[in-house]
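Student: Can we go through this one together? I'd like to start with where the chains meet.

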Amino acid sequence: MTVENDSKAQDAARSAGLEKMAAQFPDDVARAFEFAKTLAERLPRDIAPTDEPAHVYRAQESDK
Amino acid sequence: MTDYAFLTIAEAANLLKAREISPVEYTQALLDRIAKHDGTMNSFLHISGEHALDAAKTAEAEISAGDWRGPMHGVPYALKDIIDAAGEPTTCHSKVMVRNSVPDTDAHVTAQFRAAGAVLVGKTATHEFAIGGPSFDLPWPPARNPWNPAHFTGGSSSGSGAALAAGFVPAALGTDTGGSVRNPASLCGLVGMKATYGRVSRRGVFPLSFTLDHIGPMTRTVEDNAILLNVIAGHDAQDPGSAAVEKPDFTERLGRDIKGMRIGVIRHFFEKDLEADPEMAKSINDAVEVLRGLGAEVSDITLAPLDEYAATNRVILLPEAFAIHEKWFQERPEDYGELTRRRVMGGAFIRAADYVNATRVKARLVQEYNDAMRDFDVAITASSMDPACLIEDEEANERTYTRQARTPFNLTGAPAMSVPTGFSSSGLPLSMQIVGKAFDEAKIYQVAHAYERATDWTQRRPPMAA
């Protein structure tokens, strides 16, 4: 975690209303911020503009 | 003299119905066993002693009067402590919930157990809010593995896993958002089913992630698991995710042979995407050969890489979890354990577009899974990649936390069950997953039961049983 990223993490936490968290648990904030960043980078990006989100899953009886 | 500790539900039901054992004696025997051994296992957060004995007395009177309600009548069970039971505390294993935590209504699943005449003996340990653990900075210690108390139970339904393996109860419920029924089942030598999304109502269960949460039965045998799913499954109009589908008898296919059944092996999950521990991989491959020997037609099946499922699951799970905890995170972060803070807070930093895109990837993965399974009855893959690690080894817990192949089935909503496949050279349980098509749990039970009868893994007992 760089000083710059650490600062970004604290700013992001405060933006999310987590001022108390940022003040009391700066290490947790930094680790969560870094994890969220790397997690999002793992998401597939080959999504077509027309691809719909998943709605609440309803299996088709015909899939059996 | 009856050894109550390791009676199966099926055995107990026969004895209770024939009035050869008493629900009161059965319940008292298990309460005594819990009092004697749970100081080591930490499986229970709350014991419903008097309420349990009252329920057992009621069951005894009803059965004596000829009013036997079914196989759970007079049978003790436990609930993961994020599931409500009227008059009993729900703490979610958290300081956040310690006050004002006694609900006045049952969760839907608890009401189903009550209607079946079952006896709730207590609420079991969990990772804090079903995500933060194993942790030593919470109001209660984490549950320990009866096969070796120095080892982790798996989580987050950790106390339910410990209680079953220790012979404290024959039945327990867990919840499963990224594998939390199947992980403790895998690491404690149990059978744990995450049924199809919508099969079991989530009403009255503290949520972690609305679109990924499932409630699931945990037992020591496959037959018992099917019996439990018979009790808790069914449409609930008050749960918006509940599916209005026909509920079969999940025990119906038990005992049928599996000759000619088509079984896929999702091998790349545990040989390429992640490399399972050699003993774990061998036990899964040995299990596949057992199934082939029983007449199944086995071939490999390929899905998207495991990490695609894992990342998509997490990008959905964390913002949903953060939305639930946001207010408390803002106002009282010190009341959470460190692991919960770190894991859930990630949800605050996921961009809205990434969350939406994850749900779009999810739709694609659901379709891919349904297409791939079209030519198969069930599929086999790993559950955990490793046997249970030492519970106090933080590095090992962190490393093995993501070494699993359970999240794909939370994402697709498809049914998935962990089944014991043997033991490591150090005596710790090994496992596989049997997964299926949506709402086709009965075929998973059929295959699992055939495998269970061809082996003896579920008949073995942990050293503490003696």
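This is a predicted model: local features need pLDDT of at least 70, side-chain atom pairs count only at pLDDT 80 or more; totals for chains, interfaces and linings use all residues.

Student: How many residues of chain B are in contact with chain A?

Tutor: 50 residues of chain B touch 39 residues of chain A, contact being heavy atoms within 4.5 Å.

Student: And what area is buried between them?

Tutor: About 3800 Å², with carbon and sulfur atoms giving 62%; that is the accessible area (1.4 Å probe) that two parts lose on being put together, summed over both. On the chain B side, Arg342(B), Phe349(B) and Arg360(B) lose the most, together 20% of what that side buries.

Student: How many salt bridges?

Tutor: Six between chain B and chain A, counting a side-chain nitrogen of Lys or Arg within 4 Å of a carboxyl oxygen of Asp or Glu. Asp46(A) forms one with Arg364(B), the closest N and O atoms lying 3.2 Å apart.

Student: Switching topic: is strand S5 of chain B covered on one face or both?

Tutor: Both: Val191(B) and Met193(B) on one side, Gly192(B) and Lys194(B) on the other, are all buried, meaning under 20% relative accessible area (1.4 Å probe). Strands are DSSP runs (E, at least two residues), numbered from the N terminus.

Student: Which residue stands opposite Met193(B)?

Tutor: Met417(B) in S10(B).

Methods:
Residues are numbered from 1 along each chain as its sequence is written. Chains are lettered from A and ligands numbered from 1 in the order in which they are written. Side-chain values use heavy atoms; hydrogens and water are left out. Buried means under 20% relative accessible area, exposed over 50%, partly exposed in between (1.4 Å probe, protein chains only). Helices (H or I, at least four residues) and strands (E, at least two) are DSSP runs, numbered from the N terminus. Two strands pair if DSSP finds at least two bridges between them.
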